[in-house]
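Have the model open while you read.

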Amino acid sequence: MTQRRTDDTSPSRFADRLRVVAAAPITEELVELVVSAEPRIEFVRDQSLLRPMRYPGDHSGPPGFERSGADQKRYDELVDTAEVLYGLPDESSTQLSRTVNANPLLRWVHAMPAGAGGQLRSAGLTREQLARVVMTTSAGVHAEPLAEFAVFGLLAGAKTLPRLLEQKAQHSWTERWQMTHLFQQTILVVGLGSIGRATAKKLAALGVRVIGTSRHAITADGVSEVIHPDRLRDTVPSVDGVVVTLPGTEATRGMISADVLAALRPGATVVNVGRGTVIDEDALIGFLKSGRVGYAALDVFATEPLPPASPLWGLPNVLISPHTSALNDDIDRDIARLFAENATRFLDGEPMRNVVDTVEFY
């Protein structure tokens, strides 16, 4: 997807310096990396106002974090001077709306997550504001870790991980039993964006036959067949597992419906590394209980944190990851490098990477 062009974002508009304000946490080392890669950036930050990070990729900071009234005023005033924001203000749609309304100079916001369409939609910006302010995401930097988790989830289902763990806990050495093998399986990858493509390549390297979904006529490495999402219900009876990589939008909400899940081959594995809203979670719970879905490896959920009362916690054939499978030591550096590349594209009037679609918000 290419950057929308307006007169205000022409190359001459930012020919000398581009004022970037850190709205999300970033280390001084990474500020230097960005400025070294694109010297036309003036990177403004006040580390005393940024949320403390507990671990790599922790851009929201500790639960309950609040600034004093005076510090919040300073923070708001600083982000309101930006031409570009590194991160959504306080990771909040409400704050994004406030900032866009208060700052007519703002032209670009880079979001830390791979998907920020929902936040942009919730900000309720006007069409004029959406045309003025480009939003990009960090899509792509999470692809390889999430693809690894997807493969891990499929292997856990194929190799009967719940039974292995149960017997270990019981010190029980039983008779042997059959396991299934990925190289003999067909896996449906729902969504062939960066995560889906990385997943397909890894699966194909293991000998898996991969079917992918796309609304467009495309090809992808490792994918033997691409189907339209409208064909999900007709396709799932022939697959051994489903990997969901889609973002959460109105178009994807409930795409993996009760009807789709009911059509799965008995004992199939379901993995979700996209967004929790793509799967009908109540239906998934029912099919996990009945065994129609043999195993589910879930990194995302319809409501996060996953409520303590969710039946998913008590199901032995469910692996629960608290939206953590993409985190690694390199994630913040990768985001900074992506931002620096997009800053050069922005300044030079070239198409930018990962621009959020302002019609479907993905």
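The charged end of Arg163 sits over the ring of Trp177, and Arg67 lies over the face of Tyr75. To count, NZ of Lys or CZ of Arg must be within 6 Å of the ring centre and within 35 degrees of the ring normal.

| Charge | Ring | Distance from ring centre |
|---|---|---|
| Arg163 | Trp177 | 3.8 Å |
| Arg67 | Tyr75 | 3.7 Å |

Bear in mind that this is a predicted model: local features need pLDDT of at least 70, side-chain atom pairs count only at pLDDT 80 or more, and totals for chains, interfaces and linings use all residues. Residues are numbered from 1 along each chain as its sequence is written, and side-chain values use heavy atoms, with hydrogens and water left out.

On to ring-on-ring pairs: searching the whole structure turns up six aromatic pairs. Phe43 and Phe339 have ring centres 6.3 Å apart and planes at 55°, so this pair is tilted. (Rings of Phe, Tyr and Trp, the last by its six-membered ring, pair if their centres lie within 6.5 Å; planes under 30 degrees apart are stacked, over 60 edge-to-face, the rest tilted.) Phe43 is in strand β2 (residues 41-44) and Phe339 in helix α12 (residues 331-347), 296 residues apart. Helices (H or I, at least four residues) and strands (E, at least two) are DSSP runs, numbered from the N terminus. Both Phe43 and Phe339 are buried, meaning under 20% relative accessible area with a 1.4 Å probe, protein chains only. Ring pairs also join Phe43, Tyr86, Trp108, Phe339 and Phe346 into a cluster.

Finally, helix α11 (residues 281-290) has Glu281, Ala283, Leu284, Ile285 and Leu288 as its buried residues. After α11 comes Gly291, with a positive phi near 95°.

Notes:
Buried < 20%, exposed > 50% of the residue type's maximum accessible area, 1.4 Å probe, protein only.
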